[in-house]
Amino acid sequence: MKTNVGLIWLMVVISTFFWGSNFNAGHAVAGDVTPLTAAAERFAIALVLFWAIRFSFGKAESQLSLRDFCVLIPLGLVGVFGFNYAFFTALHTTSALNAALIMALSPMVSTLLSIILLNAKIRLFQYTGMLIAFIGVTFVITGGHFSVLHAAVGDLWMLLACGVWSLYSVGSKKFAPRIPPLQFARWTVSVGSVALIIAALLIEQPLLSIPQLSLTTHAILMYMGVCGSVLAYIYWLKGVFFLGPDKSAIAFNLVPVFTLLVSLAFGSIPNTAQIMGLVLVLTGVLISTGWKKKSA
């Protein structure tokens, strides 16, 4: 059966829309729910859906060894628990667009981590792209005032989120290359979700606060769990499988663009520093990840 390339590209774009709008959604609930409780509810929903899909439609999967679980557990703690705690904390004190632009650095941070963990080699044009994108993010964080080094606490939390997500991505390539992507995603989400729920129960009071949340807040967290966690990942993996990681990575640049469009739709106008940062970040990321020459 011939693959519909147009449909695959549509799925990839939809996944980037879900991820881009996740920043707007997270920012929208930041004033109503604490970070761990928000992350716990979001991923409790994702956890149930991932396993429902597995038992309803899943075929036989590869058998995981004890060594595999020794890899999946720390990666789940870093990539799901660590990222989402930093993500929801960041959105309390920074804008959705700032967060998305900082997160757009993740492909380049992953490249730098690949040098350390995977002994990867990078070329001059990749260094150039990284420098341009870094200037763009610095523009966003400082508001264009380079002479005064000042960053919102939320921006620093988002830098941490970007770092742990990149570590999760590169770590999965180094330590879990033989585990099928969807199986890997389900298990790391399971580990991270359980950790988020336990941490929320120990540190916050989700059993008291969740019943007090509005239907709108629950609906937003449901959207983040279903669309921003499960469907986005499945659609993205589909694109990576049929189109290849290089082509799919270019589409990842749409994430901050969709965050901007959703912000505009809800009446939030970006400032000059954010627009300049968006242009520089996208230019840098494209140079670094999208203009690579094919090997001879």
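**Entry 1: Leu213**

I looked up Leu213 and found it buried, with a relative accessible area of 13%; buried means under 20% relative accessible area, exposed over 50%, and partly exposed in between (1.4 Å probe, protein chains only). I note that this is a predicted model, in which local features need pLDDT of at least 70 and side-chain atom pairs count only at pLDDT 80 or more, while totals for chains, interfaces and linings use all residues. Residues are numbered from 1 along each chain as its sequence is written, and side-chain values use heavy atoms, with hydrogens and water left out.

I placed Leu213 in the loop between helix H9 (206-209) and H10; helices (H or I, at least four residues) and strands (E, at least two) are DSSP runs, numbered from the N terminus. Leaving aside neighbours within four places in sequence, I listed Asp32, Val33, Glu41 and His218 as the contacts of Leu213, where contact means heavy atoms within 4.5 Å. I also took the C-alpha separation of Leu213 and Phe184, which is 32 Å for 29 residues along the chain.

**Entry 2: Phe184 and the nonpolar core**

I turned next to Phe184. Its contacts, apart from neighbours within four places in sequence, are Leu72, Leu75, Tyr168, Ser172, Ala176, Ile179 and Tyr233. I found Phe184 again among the residues with the most contacts inside the largest nonpolar core, together with Phe23, Phe83, Phe87, Phe88, Met158 and Leu196. This core has 74 residues; a nonpolar core is a set of buried Ala, Val, Leu, Ile, Met, Phe, Trp, Tyr and Cys residues joined through side-chain atoms within 4.5 Å.

**Entry 3: Ser190**

I looked up Ser190 in helix H8. Ser190 counts as buried at 9% relative accessibility.

I examined the second largest pocket and noted a volume of about 500 Å³. On a 1 Å grid over the protein atoms alone, a pocket is an open set of points where a 1.4 Å probe fits, with protein on both sides within 12 Å along at least five of seven lines, and lining residues have an atom within 4 Å of a point. Grid points are joined across faces, edges and corners, and the volume is the space filled by probe spheres set on the points.

Which residues lie nearest the centre of this pocket? I found Pro180, Leu182, Gln183, Leu237 and Lys238, out of a lining of 18 residues. Helix H2 (35-57), H8 and helix H10 (215-243) each supply at least two lining residues. H10 gives the largest share, six residues.

**Entry 4: charged pairing and cysteines**

I searched for salt bridges, each a side-chain nitrogen of Lys or Arg within 4 Å of a carboxyl oxygen of Asp or Glu. The count comes to one salt bridge. Arg178 and Asp68 form a salt bridge through their side chains, at 2.4 Å from N to O. The pair links distant parts of the chain, 110 residues apart: Arg178 is in the loop between helix H7 (153-175) and helix H8 (181-203), and Asp68 is in helix H3 (residues 66-90). I found Arg178 partly exposed, with a relative accessible area of 48%, whereas Asp68 is buried at 2%.

I then checked for disulfides, defined as pairs of cysteine sulfur atoms within 2.5 Å, and the structure holds zero. Cys162 is buried at 2% relative accessibility, and Cys227 is buried at 14%.

**Entry 5: Asp155**

I located Asp155 in helix H7 and found it buried, with a relative accessible area of 2%. Beyond residues up to four places away in sequence, Asp155 touches Thr94, Asn98, Ile102 and Ile141. The C-alpha atoms of Asp155 and Thr94 are separated by 6.1 Å, with the two residues 61 apart along the chain.

**Entry 6: helix H13**

Is Thr272 buried or exposed? I found Thr272 exposed, with a relative accessible area of 63%. Thr272 is in helix H13, and its C-alpha lies 9.7 Å from that of Phe139, 133 residues apart in sequence.

I placed Gln274 in helix H13 (residues 272-290) as well. Gln274 is buried, with a relative accessible area of 10%. Apart from neighbours within four places in sequence, I listed its contacts as Ser95, Leu97, Asn98, Leu101 and Val140.
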